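Trainee: I am new to this one. Could we go through the terms and check each label against its cut-off?

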Amino acid sequence: MNENAFCASGVPLPRPSASSVSALAGGAAEVPGLAPGVAVLLRLAHRAAHDGPLAVRDEDVADCAAQGVTPAEIAEVCATISLFRYVNALTDLVRVPVDAF
């Protein structure tokens, strides 16, 4: 998971509503307040971030395609996650100090 010191000290993002989180956790294709395709892309992104991009299944990609997510958008999400995982691993490995905000 993405839990290094840099991410933990970053700018907080707005929290999704409880109903959106419940809908995502329940596998709903449509989630209140999210554009079509975003929910399935978030599930794919979670799998890629948590378990690595190679853990993304054909079904995850097919679900995204069925909701109108393009292959380029899927590739961009996986590339961004891979870059963040790499940078986080590198900063943890070399013990880069976290700057005070």
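Trainee: What makes cysteine 78 count as buried or exposed?

Mentor: First, the ground rules. This is a predicted model: local features need pLDDT of at least 70, side-chain atom pairs count only at pLDDT 80 or more, and totals for chains, interfaces and linings use all residues. Residues are numbered from 1 along each chain as its sequence is written, and side-chain values use heavy atoms, with hydrogens and water left out. Now the cut-offs: buried means under 20% relative accessible area, exposed over 50%, partly exposed in between (1.4 Å probe, protein chains only). Cysteine 78 has 15% relative accessibility, so it counts as buried.

Trainee: What about cysteine 64, buried or exposed?

Mentor: Its relative accessibility is 0%, so cysteine 64 is buried.

Trainee: How do you know whether cysteine 64 is bonded to another cysteine?

Mentor: Check the sulfurs. A disulfide is a pair of cysteine sulfur atoms within 2.5 Å. The closest cysteine sulfur to that of cysteine 64 belongs to cysteine 78, 8.7 Å away, so it is too far for a bond. The structure holds zero disulfides.

Trainee: What makes valine 87 count as partly exposed?

Mentor: Its relative accessibility is 37%, so valine 87 falls in the middle class. Valine 87 sits in helix H5. Helices here are DSSP runs (H or I, at least four residues), numbered from the N terminus.

Trainee: How do you know that the span of H5 agrees with its number of residues?

Mentor: The expected span is 1.5 Å times one less than the number of residues. H5 covers residues 71-93, which is 23 residues, so it should span 33 Å; its end C-alpha atoms are 33 Å apart, and that agrees. Its buried residues are Ile74, Cys78, Ile81, Asn88 and Thr91. Just after H5, arginine 95 has a positive phi of about 60 degrees.

Trainee: Why is glycine 68 called exposed?

Mentor: Its relative accessible area is 53%, so glycine 68 is exposed. Glycine 68 lies in the loop between H4 and H5. Glycine 37 is 31 residues from glycine 68 in sequence, but 6.2 Å away in space, C-alpha to C-alpha.

Notes. Helix = DSSP H or I, 4+ residues; strand = E, 2+ residues; numbered from the N terminus.
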